[in-house]
Amino acid sequence: MSNQKTINRTKNPVIACIAVAMACCGVAAVAQTPAGDEKTGPQIYQTLYLTNLTQENDANELITDLRNMLPNSKLYYVPSQAAISIRGTADQIALAQKILADLDKTKKIYRLTYTMTEKDSGKTIGVQHYSIVVASGSKTDFKQGSRVPISTGSTSSSSGSTSTDVTYLDVGQEIEATLDGYLDGVRLRTKVVQSSIAEDKSLGGSQVPVIRQTTLEGTSTLVQGKPLVLGSLDVPGTTRHQEVEVVSELVR
């Protein structure tokens, strides 16, 4: 009988320890559950509207940024409304609103003035100025000249009449500019094309004009208000050349 009591007394501390351990685990599990709920939180929905970044490329970049920053939320861009539908926790939507406020800003607008100085044997014989307005991250094309008709063939009808198929080529001055603004300067990607009609040549029984074309293309860094010479274009068939200079000015 004495031995039985001793065995019972020995088991009781073991059972007590197991009970305490199970209780502690239960408390830990209960303590961890609210933390998990607080991290995820209830899902809510909101629509965010873009004010300035309405171009599709800009909006797609913003959506990519939001998806990378908020991988657990759901985002969808509606181009026709310039709006972003988002579903996530209150904290995720608050972060999305902050990112939107930081990035959806008015683009800087610049005025680029190109100066074409024509020289012959070191003597200036003509100067032309061209001004275009470009938004940061955008592209602007400028063309000035003539559209030259060129025959591409002929078509005969059932009645026996013949019509000539014509296409048109742009001849003259062409400027293409794309820039990105930063701090007090811009990075400019530009293409300057000068073309003219040289002469007509016979081709397949018809006279076809020969187009002379010179192209200057490259990327430059501009400081506001400081002119930069991009290069020189030789005028085909003459001893003249055209010097191309550009200067940028912040409009707003």
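**A tour of the sheet and its surroundings**

Begin by selecting β2 together with strand β3, residues 83-88: the two run antiparallel and are joined by 5 bridges. Please bear in mind throughout that the model is a predicted one.

Within this pair, display Val78 and look across to β3, where Ala83 stands opposite.

Next, select helix α2, residues 56-69, which packs on the sheet and touches β2 and β3. The direction of helix α2 makes about 175° with that of β2.

Then turn to helix α3, residues 90-103, which also packs on the sheet, here in contact with β1 and β3. Its direction makes about 5° with that of β1.

Now show the sheet as a whole. In what order do the strands lie? The order is β1-β3-β2, with 3 strands forming an open sheet and antiparallel pairing. At the edges are β1, residues 44-49, and β2, residues 74-78, each of which pairs on one side only. From one strand to the next, the twist averages 15°.

Finally, move to the loop between β2 and β3 and select Ser80, which lies there. Is Ser80 buried or exposed? Its relative accessibility is 64%, so Ser80 counts as exposed, the cut-off for that class being over 50%.

Technical notes
Residues are numbered from 1 along each chain as its sequence is written. This is a predicted model: local features need pLDDT of at least 70, side-chain atom pairs count only at pLDDT 80 or more; totals for chains, interfaces and linings use all residues. Side-chain values use heavy atoms; hydrogens and water are left out. Two strands pair if DSSP finds at least two bridges between them. Helices (H or I, at least four residues) and strands (E, at least two) are DSSP runs, numbered from the N terminus. Axes are lines fitted to C-alpha atoms, for helices over the stretch in contact, and angles run from 0 to 180 degrees between N-to-C directions. Contact means heavy atoms within 4.5 Å. Buried means under 20% relative accessible area, exposed over 50%, partly exposed in between (1.4 Å probe, protein chains only).
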